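Here is a short briefing for a first look at this structure. The points are grouped by topic.

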Amino acid sequence: MELDFEHCYRAVDSRDPRFDGCFYTAVRTTGIYCRPSCPAVTPKRENVTFYVSAAAAQRGGFRACRRCRPDAAPGSPEWDTRADTVGRAMRLIGDGIVDREGVPGLAARLGYTERHLNRMLTTELGAGPLALARAQRAQTARILVETTRLGLADIAFAAGFGSVRQFNETMLEVYARSPSQMREKQTRTDRGEAGVVTLRLAYRPPLHAGSLLEFFAARTLPGVDEVAGGAYRRGLNLPHGNADVVLTPGERWVHATLQLSDVRDLAPAVARCRRLFDLDADPVAVDGLLQADPALAPAVAAEPGVRVPRAVDGFEMAVRAVVGQQVSVAGARTTLGRMLRAATAAEGSVSRPVLGEPTPIPQTTATGTLTGFPAASAIAALPDSAFGMPAARRATIRALAEAVADGKLDLDPGADRSEAVARLTELPGIGPWTAGYVAMRAIGDPDVFLPTDLAARRGAEAVGLPGTVKALTAHAERWRPWRSYALIRLWRAA
């Protein structure tokens with residue numbers, strides 16, 4: 001991607017936080033790179049180079065600023081909106097695919113050769129998949145060094161490094177401090193209990209946290225998630241184990257407390273939490289477009305920063321969508337609860353190996369034990385009596401579970417959106433509404449609109465828009481490419 005120097009420099013000179021994560025400022029005289037909102041003195045024009053990614057800045061020989069922590073900036077909103085190969089690659093890298101499957105695994109998922117994929121990413125981002133994954137490893141390692149009591153050798157392998165030597169060299173290059181020097185600074189503070197990682201997830205303000213918590217609260221499932229005390233808590237199924245996460249929205253950050261059964265899962269856990277709360281969105285751009293419509297302008301002014309509640313598990317979201325067809329939210333929760341109890345009884349508890357220090361997962365709260373949603377294979381194996389729904393819908397869920405379990409249907413964040421929707425609609429009992437709902441919440445499509453949705457039509461009438469499917473579809477064209485956000489606002493109006 002090409003960066004316009006004047007626009008970038010203007011953002012740096014005004015310390016505009018909206019551009020944090022969209023590009024990085026490297027200063028040749030100091031050898032460091034910063035986020036645009038860094039409070040340091042604005043560097044001279046002739047000393048500045050702008051990079052699209054932190055990995056590109058590191059590849060250029062610059063180290064991260066200790067003051068503004070550019071590696072902890074929100075992700076670029078472009079990777080949420082783009083459905084092309086580069087956007088899909090960035091979402092998969094953020095989920096830790098390169099660390100788990102290597103560049104060959106990433107290339108295979110995207111359908112390209114390693115060489116061509118490297119060329120595409122380097123052309124757009126100034127760095128290839130290995131360099132991008134390396135930058136993420138460095139950030140993961142810094143978090144573990146500063147917030148846990150894990151040994152440095154354990155941290156090296158947990159963050160995805162191939163050796164302790166590689167770990168030490170990378171941290172010196174990126175942060176100009178060795179891991180032991182970073183740990184010495186932290187010994188003067190309490191790093192918390194073993195196995196627990198606490199961190200702050202940055203976002204671009206404003207964030208209407210109340211709308212997110214209200215949405216999740218109406219749809220919580222016993223044993224999976226809960227909303228209490230202004231925080232959202234849920235269990236996660238991760239590549240190497242499970243986790244318990246508590247997300248508490250704050251004024252500038254969402255405070256996250258993660259208890260991981262395997263610390264190698266930190267990077268994918270963080271990526272999924274960010275995706276769940278839609279933290280990489282650009283609310284100023286979204287609200288600016290929606291506010292231009294007189295029908296939505298009052299709602300946008302009253303509640304700026306409304307996000308799309310997304311998902312941590314594509315299969316879970318698809319099952320929720322199918323169960324919720326033509327029934328109330330409360331009815332769907334009852335049916336899902338019955339199914340979960342049957343799946344939990346059939347699947348039993350699974351113990352996983354733990355790297356480093358043992359962590360007591362899962363925990364028990366007033367509402368029960370929080371675990372992730374059952375795997376597709378577990379749902380597919382349930383007897384008919386466990387579903388408690390009409391035979392046709394039961395067949396739909398079984399077909400959905402079998403397609404995901406067999407790898408025929410990809411609902412991960414790096415999935416091809418159009419292909420996923422096409423394959424969903426090929427399944428019996430899944431139409432445009434269900435496929436669109438899954439694309440919006442599970443795959444992260446920001447431009448989904450569901451004109452046949454009853455709540456959307458009621459919301460349209462509430463804000464003075466026509467409630468017919470044809471008229472609403474035509475009006476929604478002015479909300480592109482943010483129709484998913486407009487849909488959330490119509491639901492709130494209803």
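In helix α12, the buried residues are L266, A267, P268, A269, V270, A271, R272, C273, R274, R275 and L276. Buried means under 20% relative accessible area, exposed means over 50%, and partly exposed lies in between (1.4 Å probe, protein chains only). Helices (H or I, at least four residues) and strands (E, at least two) are DSSP runs, numbered from the N terminus. This is a predicted model: local features need pLDDT of at least 70, side-chain atom pairs count only at pLDDT 80 or more, and totals for chains, interfaces and linings use all residues. Residues are numbered from 1 along each chain as its sequence is written, and side-chain values use heavy atoms, with hydrogens and water left out.

- D278 follows α12 and has a positive phi, near 55°.
- An open sheet of 5 strands runs in the order β5-β9-β8-β7-β6, with antiparallel pairing. Two strands pair if DSSP finds at least two bridges between them.
- At the edges are β5 (196-202) and β6 (225-228), and each pairs on one side only.
- From one strand to the next, the twist averages 20°.
- Strand β7 (residues 231-238) pairs with strand β8 (residues 241-249) in the antiparallel sense, over 7 bridges.
- Y232 has L247 in β8 as its bridge partner.
- α12 lies across β5, β7, β8 and β9 (253-260). The helix runs at about 135° to β7. Axes are lines fitted to C-alpha atoms, for helices over the stretch in contact, and angles run from 0 to 180 degrees between N-to-C directions.

**The four-stranded sheet**

- Another open sheet has 4 strands, ordered β3-β1-β2-β4, and its pairing is mixed.
- β3 (48-51) and β4 (63-64) stand at the edges with a single partner strand each, so one side of each has no neighbour in the sheet.
- Strand β2 (residues 32-34) pairs with β4 in the parallel sense, over 2 bridges.
- Y33 has A64 in β4 as its bridge partner.
- α1 packs on this sheet and touches β1 and β3. The direction of α1 makes about 100° with that of β3.
- Strands of a sheet pair through backbone hydrogen bonds, either parallel or antiparallel.

**D16, in a loop**

- D16 sits in the loop between α1 (5-13) and β1 (24-27).
- Is D16 buried or exposed? D16 is buried, at a relative accessible area of 13%.
- The side chains of D16 and R18 make a polar contact at 2.7 Å. A polar contact is a pair of N or O atoms within 3.5 Å; within protein, one must be able to donate a hydrogen and the other to accept it, and residues adjacent in sequence count only if both atoms are side-chain atoms.
- Neighbours within four places in sequence aside, D16 is in contact with A11, P36 and S37. Contact means heavy atoms within 4.5 Å.

**Helix pairs**

- Helix α21 (residues 454-462) packs against helix α23 (residues 483-493) at an angle of about 75°, with axes 7 Å apart.
- That makes α21 roughly perpendicular to α23. Angles under 35 degrees count as roughly parallel, over 145 as roughly antiparallel, 65 to 115 as roughly perpendicular and the rest as oblique.
- A455, A456, G459, A460 and A462 of α21 meet L487, L490, W491 and A493 of α23.
- The contact of α21 with α23 has 8 nonpolar, 1 polar and no charged residues. Ala, Val, Leu, Ile, Met, Phe, Trp, Tyr, Cys and Pro count as nonpolar, Asp, Glu, Lys and Arg as charged, and the others, Gly among them, as polar.
- Helix α4 (residues 85-94) and helix α6 (residues 114-125) have axes that come within 10 Å and cross at roughly 95°.
- α4 is thus roughly perpendicular to α6.
- T85, V86, A89, M90 and I93 of α4 make the contact with L117, M120, L121, E124 and L125 of α6.
- The contact of α4 with α6 divides into 8 nonpolar, 1 polar and 1 charged residues.

- V469 is in helix α22 (residues 469-476). V469 is partly exposed, at 31% relative accessibility.
- Beyond four places in sequence, V469 is in contact with P451, T452 and R457.
- A345 is in helix α16 (residues 329-347). A345 counts as exposed, at 66% relative accessibility.
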